[in-house]
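Please take a moment with the sequence and the model shown here, and follow the explanation with both in view.

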Amino acid sequence: MTAPITGVTATRTPLKGWRLWRAWPGNIATLWRRSLRFRTLLVTLGLTALAVAVACVWMALAIQNDLFGSRRQQVLVDAAQARSSAQERLNAAVQTDGVQLQNVMTLAYSTLNNESSSSLLAALRIGPPVPNAPQDFTSYEPIDEVVSDALRQAVRDNPDRQIWQSVALPTADGGTTPGIMVGQQLSVPGVAEYELYLGYDLANAPQTLGFVQGTLWVVGIGLVLLIGGVAWFVLRSLTLPISEAADTSAQLAAGELGVRLPVRGEDELATLGRSFNAMADSIESQIKELAELSLVQQRFVSDVSHELRTPLTTIRLAADMINDQRDEFDPATARAAELLNNQVQRFELLLTDLLEISRYDAGSVQLDLEPTSLAHLAEDVIGSMQQLAEQHGSDVRLVAPGGYSPVDMDPRRVRRVVRNLLGNAIEHGEGRPIVVTVDSNQQAVAIGVRDYGLGMKPEDVERVFDRFWRADPSRTRTIGGTGLGLSIALGDAKLHGGELAVWSEPGRGTHFVLTLPRRGASVAGASPIPVDPGDDSIAAVEELGLTQPIELPHGGAS
């Protein structure tokens, strides 16, 4: 039977309510980060909208220019034809009497008015007054408001050319409308020359252009929405299997080995699903094999340890009897009896640790919680190991600004962790001072063991909790360790929901920090004692003085 894999969880950040408009930027940013479909759809719509906007603007400008150009050409042709007809009327006149010439000019005006679509007509004599010359005529006064001086000068200077200019023509309601003013010369043979101006209303052109532009924008927006819908449908068909694969992978990582991807069709996604399911089958079978092998190993270690206890007890009793009588033996035999007794004790300790490790591997370890002061526990452990510290020339200092109030823990296991850490510090502390720090905050209590020995390399720090591992294999254990102490200590810390961290640097020593939660299943927030001690030195430790007895302050402490 396989157990769920711990330490891997699949979580999704919930979105805040969309009813609050202030939460929209955060929700959109969250969707942008975690949703491939939303991100791709948004990019597709943005690029499509930009492309459609550029196309619509370009087409609107092109249509506007073409519409104005075609209308201008019609105006010029209409003005040329009307001027030609009026000029023919004037050329056919042979009268020299002023009244008759005025009648001919009136007839020419009627011809211009009938044969052109112009909304404004004006004929202005060029030069000084001439006898018998017909009078000027205009359909709008004052004409100077719509005919500029530049246009008049150009008409005078170019008798054989049409000159046009965009102008604002007056309307009946007092407003203006866009138009074109066409200027050319009209001649009364043998009498005088006239500036002829015909104004054409372009009011229909903006209406046509507005209709065309509106149609373009409506079609463009519809095209963007259509492309967005198509993109959403295509993305959904592609991202839905990806989402299913991601959820299934998270479930597999969480230990649910029986989940599989649904396979539909025979396309590339179906091939991916079948390959994923085959991989999941292989992983499940391998994990089951490893779990069964691990179970066999656990049972083997447990059975061997139990079976060895009976003969070991007999050997221990015999070794104790022989060791008690070693004074009667010769020196070589006495030394052998002493070594036998020491190794039997170490063997018994090793069996005890192996049984403890097998219980951790089997997940059958239970805590016996009771309220305990970590500061007092540390003081007891230091007192029990004082003789060992003196044998190695180490002075153990206790600094406890916090950690006095009782916290639910298994005191036997925590005491074992502290003894192991302090024993390692004494063994590897090179006879220098050792500082034990106890502190607390609102979330946790912690104890740190700091030595100023040789320290460890970074690659050694990464393996310090491995079973039977030593930083220097050539060094022998001076206090009878089994090589399983730190592994068991790490297991005890995790069993409490706490942490056991280590810092070490060659030449500066080592610092172990055990952090236990006050309540709850795990430690939340930073430890009360930093793992990295910073720039501390032995000189600073010397100022602490000798360890003093700890007394619980009146009223309790944190």
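In this predicted model, His511 counts as buried, because its relative accessibility is 5% and a residue is called buried when that value is under 20%. The place of this histidine in the fold is strand β12, which is made of residues 509-517. Which residues does His511 touch, leaving aside those up to four places away in sequence? They are Gly448, Val449 and Arg450, then Ala501, Val502 and Trp503, and finally Ile529, Pro530, Val531 and Pro533. With one of these, Val531, there is also a polar contact, since a polar atom in the side chain of His511 lies 2.9 Å from the backbone oxygen of Val531.

Another part of the model to look at is a sheet. Strands of a sheet pair through backbone hydrogen bonds, and the pairing can be either parallel or antiparallel. Here 5 strands form an open sheet with antiparallel pairing, and their order is β2-β1-β5-β4-β3. The strands at the edges are β2, residues 137-138, and β3, residues 163-170, each of which pairs on one side only. Within the sheet, β1 (residues 120-125) pairs with β5 (residues 192-201) over 6 bridges in the antiparallel sense, and Leu121 stands opposite Leu198 of β5.

Two helices lie across strands of this sheet. Helix α3, residues 98-115, lies across β1, β2, β4 and β5, and runs at about 150 degrees to β1. Helix α4, residues 149-157, lies across β1, β3, β4 and β5, and runs at about 130 degrees to β5.

Key:
Residues are numbered from 1 along each chain as its sequence is written. This is a predicted model: local features need pLDDT of at least 70, side-chain atom pairs count only at pLDDT 80 or more; totals for chains, interfaces and linings use all residues. Side-chain values use heavy atoms; hydrogens and water are left out. Two strands pair if DSSP finds at least two bridges between them. Helices (H or I, at least four residues) and strands (E, at least two) are DSSP runs, numbered from the N terminus. Contact means heavy atoms within 4.5 Å. Axes are lines fitted to C-alpha atoms, for helices over the stretch in contact, and angles run from 0 to 180 degrees between N-to-C directions. Buried means under 20% relative accessible area, exposed over 50%, partly exposed in between (1.4 Å probe, protein chains only). A polar contact is a pair of N or O atoms within 3.5 Å; within protein, one must be able to donate a hydrogen and the other to accept it, and residues adjacent in sequence count only if both atoms are side-chain atoms.
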